[in-house]
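User: I have not looked at this one before. Can you take me through a few parts of it?

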Amino acid sequence: MTDLTFPKLPAVMAVQRSYMLSDAIMFSMLKDGTTKPVDVIRHGVRATNNSKPKNNTNKEVNENEVRNLQVTDTAKLDVDAEGMQVEFTISFTDLANSLSAIAGKNDKEVKESFENFVERAKGSDSLTEIARRYARNILNGRWLWRNRQYANTVEISVSEGDQLVAKEDALNISLMSFGDYSEGEKALGERIAEGLKGEALIKLAVVARVEFLANGAVEVFPSQNYLTKNKPSGFARSLYALKRPTKSSDTGDMELMGIAAIRDQKVANAIRTVDTWYPGNEDVKPPIAVEIFGANIGEQKFFRKGCKKDGFHFMCRLNVLDLESDDAKFMIACLVRGGVYAESEK
């Protein structure tokens, strides 16, 4: 290891993420023990208008102003459902293969510093901690998002082939902190670490069995789609759906859109919500997703911008980072996440 640092990174530098995962597909758990995919249905609804008018006057309004006619998507469990099952797969790959492109000034030196950092990271406790944090966010069901909030029980199991790696009561695992890991979290974390070290090809199947406070045709929550300004008039919400049928079902104004799922991007965002090392976290703020500049949509804030605690700053200093420091933990997590680190040479 050298003490060499760099004022800027090469004009071309890309790090690919060290995991691959699928969408999380949603199923109804039926009384007979079988499962059935959850459908996304597009339909109309006659709602009320509860938005505050620009000019808040007390003038009388007519019916057309009170009602709010919408077209929306809904996902509901089967009428005979006793709960929901959600499934996805995830694989972890060697961190050493994550540098996918690099070219420009100092590219050879920066590449060498990257490779040295990865080699040191593989033997560190920091990589073990990152793997355990990923394991916690898989087993606590953070990736279920809103569905977790309405759950009465959530059981999550992780298997590798025919071998059960871990099974946990998700609602008993913290969303706010890390540490005091269960044996299941440690076992899963060990497999994740082995994948990131390149010691084994890790392919995991994750299954969540969710029971709600009510049975039957209750609403569940797949990902929502972002709609552009050209969305149809009166359209309220579009839900993410897979395998859209070639023909619409004969249900009048209702249309079958496909199978409900949580998008892989949302699953990944939840699993990488491990950054508790960001500046200003002395008062035990909640973890945020690992991002180069600490971008957080909920807070509408960059937690790591302008304070020399961002991924660009640390990428220039990989040679001098203490592997057991919080900064190094963040940087290892950034490499697992992937990203573009190119800087203009002008």
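This is a predicted model: local features need pLDDT of at least 70, side-chain atom pairs count only at pLDDT 80 or more; totals for chains, interfaces and linings use all residues.

User: Start with helix H3. How far apart are its end C-alpha atoms?

Analyst: They are 21 Å apart. H3 covers residues 125-139, and at 1.5 Å a residue its 15 residues should span 21 Å, so the two values agree.

User: How many of its residues are buried?

Analyst: 12 of the 15, so H3 is mostly covered, taking buried as under 20% relative accessible area. Among them are Leu-127, Ile-130, Arg-133 and Tyr-134.

User: And what follows H3?

Analyst: Gly-141, with a positive phi near 70°.

User: Which backbone atoms lie by its side chain?

Analyst: A polar atom of the Ser-124 side chain is 2.7 Å from the backbone oxygen of Ala-121. The backbone nitrogen of Leu-127 lies 3.3 Å from a polar atom of that side chain.

User: New topic. Is Asp-78 buried or exposed?

Analyst: Buried: its relative accessible area is 18%, and the cut-off is under 20%. Asp-78 is in the loop between strands E6 (67-76) and E7 (81-92).

User: What does its side chain make a polar contact with?

Analyst: The side chain of Lys-36, at 3.0 Å. Asp-78 also touches other residues, including Ser-28, Leu-30 and Gly-216.

How values were computed:
Residues are numbered from 1 along each chain as its sequence is written. Side-chain values use heavy atoms; hydrogens and water are left out. Helices (H or I, at least four residues) and strands (E, at least two) are DSSP runs, numbered from the N terminus. The expected span of a helix is 1.5 Å times one less than its number of residues. Buried means under 20% relative accessible area, exposed over 50%, partly exposed in between (1.4 Å probe, protein chains only). Contact means heavy atoms within 4.5 Å. A polar contact is a pair of N or O atoms within 3.5 Å; within protein, one must be able to donate a hydrogen and the other to accept it, and residues adjacent in sequence count only if both atoms are side-chain atoms. Lists of a residue's contacts leave out its neighbours within four places in sequence.
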